[in-house]
Amino acid sequence: MKFTLSWLKDHLDTDASVDEIAEALTDLGLEVEDIVNPAEKLKDFTIGKVLHAEKHPDADKLRVCNVLTDEGETQIICGAPNAREGITVVVCKPGMYIPGLDITIGVGKIRGIESFGMMASERELELSEEHDGIIELPSGEVGDKFIDWLAENEPSKIDPMIEIAITPNRPDALGVYGIARDLAARGLGTLKTHDHAPVPGDFDCPIKVSIDEDTLDGCPLFTGRVIKGVKNGPSPQWLQDQLTAIGLRPISALVDVTNYFTYDQNRPLHVFDVDKVEGNLRVHRAAGGEKLVALDEKEYTLGAGQMVISDDNGPESIAGIMGGQDTGCTEDTVDVFLESAFWDHVQIATTGRALKINSDARYRFERGVDPEFTLEGLERATQMILDLCGGEPSEIVIAGDVPNHNRAYKLEPARVQSLVGMEIPEAEQRQTLTRLGFRLEGNMAHVPSWRPDVQGEADLVEEVARIASLTKLEGKPLPRLSDGVPKPVMTPKQRRQQMARRTAAALGYNECVTYSFIDQASAALFGGGDDATMLANPISSEMSHMRPALLPGLLQAAARNQARGFMDLALFEVGPAFHGGEPGEQHMLISGLLIGRTGHKDTHGASRPVDLYDAKADAEAVLEAIGAPAKVQILRGAREWWHPGRHGKICLGPKKVLAVFGELHPKVLAEMDIKGPAVAFTIWPDEVPLPRKSATTRPALQQSDLQAVERDFAFVVDADVEALTLVNAAAGADKALIEEVRVFDEFIGGSLGEGKKSLAITVRLQPSDKTLKEKDIEAVSEKIIAKVTKATGGTLRG
């Protein structure tokens, strides 16, 4: 939205400077995007007078002039045909920047004679395109500032132009009058009132108007009148200057009047040439397929349901967007039909987008105009046309009614403090709303018709705070909820996630944050991909399902990295996975992925392919960091995406699984396009028991001062018996006394026979209350032998 300072002052009595107005507008929510002030580039130029002029001795078209300036007489070479003795000119001294030429002038020598500056033309100062000669001023004293002369004699040429950004909720600011209203409410001046008297009609309108029944929701009100005997020529200079300053091209008096009201009052209008209209005008919906050449000289094909204005020949205007070329006004127009209507903003926006038309009328109607100004805008425009073009007006014809947008909301002064945090006296709040056009009846504020954005009590508070200025807000600390040291903000589960991230990062992993959505094929590999977790409106086919685990996303990230040459990877993620589509059907996971080798190749051979023991060690480190018990069981039986013989479940019991580690199934790696060995772990942090006592410090170290005892056992078992089964059986013989069980030897063949093997274990016994005696050790040994024999079917090797 563009306007000039003089245009604003037509509605606002103010002495504020351009900078003060710009600052206030931005603070009011009408952000200033640009200020073009012609006076800034002309402030250094002064007025001079040519005392003497003679022909250049070496050039027929050049003249040597003696010019009187504020610094005395100076010599200037000039080639303008009107350079002569006695004229008052605009002097450009050496060192000044010439905007029209984009140069800084200096002392020059032309055909052997020095020139100390120049006398400017209008184009050289970007005042107009006139460059046939230098500027001749009819008045002015030598040494006066040229901008002072312009301000007194031709103020339009140095009128500052301000451009503001309009948010979609402020259509009232699409008129200069609406902007002036906001500034007046802020206290930057007084809003001027313009008396308006209806223009009486001299005859019945020969053109009738109607609205089809199915179109009343899109056009509830259509008004107009005929004006006979107008003289459509150029508009007056003041109107041309205002339109030119905001980037509009003056066309003719009739068209310029409609453009003026579009920007001045946010009231788009349209004029039809009566001699080109056949019959009456009808507002209706297009059947589809009709064609219309609009004022932009482009042909548009109308879609079914789009609103049009038609005469007996067919569509003549795209309703609320752009008129038709066939009925447009020209210099020969004598009789016009002036139209003012109110259109539904949603339907105007839909039609404009479909036809790809951008016009000032569409821009305003799709944001909302004042419905109650429809008739008043018609009356004011009629008077302006009569003043500029003459003519004789008819009676007004009206179809439909002004839509009822009346609404009122309760003004509660205390809500300003609770919603905004500002203390504004009630009297000031009421005065602010009154200045903005609200009508107050007790505590009820009736919303003006030009403010469709005000839809509740909170909007009243916003208006009061906006005018008072949100820059007056003072930051205040929130009150303490309790005395002393505040309680921790993070929950125990959040602290576990934080510790898991820190530990994984310390182990050398890189954290990934992947999408919670994956493709159906990847989800199916990890037990998901069913209808319960399918998205109703996915972003793409590759993000169609909620992830059942974190490993699919990590594997996809690893595949992308391997495709770019990064073969050795350590990735982890902490986040939710989903076992259903209902609220709450999700669980928190911590997953890590190792691919490739443990490090770079070196001469000492320290680098090796990663294996399941790397994943086991890292999983145990993360479990320890989040507070899992030290004594756990390692079991088999994980899901199908783990390698059947190279994985383990870390459990507190057969049904209490804390984590899974191991190699991923080769079929999964092939499906996910992963190259090289890949091991991983997944931890369920919510399954880790919370400590019975919460404390901010670690518990005291429990260290036994009694001697530990180790005993070795060798068992002959079937060759297919897993060492893990034997270790778990031995550890379960006496959980209070047995601290550790580890395998230290495996023997196959020899005297054991076919299908047998020998597994040797060391059992460490740690007493806590008394020193173990031989009989105590023997009793525990018998329990171990019995447990292992029962679990594996093996025998103690003799």
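Helices here are DSSP runs of H or I with at least four residues, numbered from the N terminus. The model used in these exercises is predicted.

**Exercise 1.** Find the helix that holds Thr503, and decide whether this residue is buried or exposed.

Solution.
- Step 1: Thr503 belongs to helix α14, which covers residues 492-506.
- Step 2: The relative accessible area of Thr503 is 14%.
- Step 3: Buried means under 20%, so with 14% Thr503 is buried.

**Exercise 2.** Which backbone atom lies 2.8 Å from a polar atom of the Thr503 side chain, and which residues beyond four places in sequence does Thr503 contact?

Solution.
- Step 1: The atom at 2.8 Å is the backbone oxygen of Met499.
- Step 2: Once neighbours within four places in sequence are set aside, Thr503 touches Ala621, Val622 and Ala625.

**Exercise 3.** Are Cys512 and Cys651 buried or exposed, and how many disulfides are counted?

Solution.
- Step 1: Cys512 has a relative accessible area of 14%, so Cys512 is buried.
- Step 2: Cys651 is buried too, because its relative accessibility is 0%.
- Step 3: A disulfide is a covalent bond between the sulfur atoms of two cysteines.
- Step 4: A pair of cysteine sulfur atoms must lie within 2.5 Å to count, and the count is zero.

**Exercise 4.** Give the strand order of the open sheet of five strands, then name its edge strands.

Solution.
- Step 1: The order is β15-β18-β21-β22-β23, and the pairing is mixed.
- Step 2: β15 (209-211) and β23 (322-323) each pair on one side only, which makes them the edge strands.
- Step 3: β23 pairs with β22 (residues 314-318) in the antiparallel sense, over two bridges.
- Step 4: Opposite Met322 of β23 stands Ile318.

Terms used: Residues are numbered from 1 along each chain as its sequence is written. This is a predicted model: local features need pLDDT of at least 70, side-chain atom pairs count only at pLDDT 80 or more; totals for chains, interfaces and linings use all residues. Side-chain values use heavy atoms; hydrogens and water are left out. Buried means under 20% relative accessible area, exposed over 50%, partly exposed in between (1.4 Å probe, protein chains only). A polar contact is a pair of N or O atoms within 3.5 Å; within protein, one must be able to donate a hydrogen and the other to accept it, and residues adjacent in sequence count only if both atoms are side-chain atoms. Contact means heavy atoms within 4.5 Å. Two strands pair if DSSP finds at least two bridges between them.
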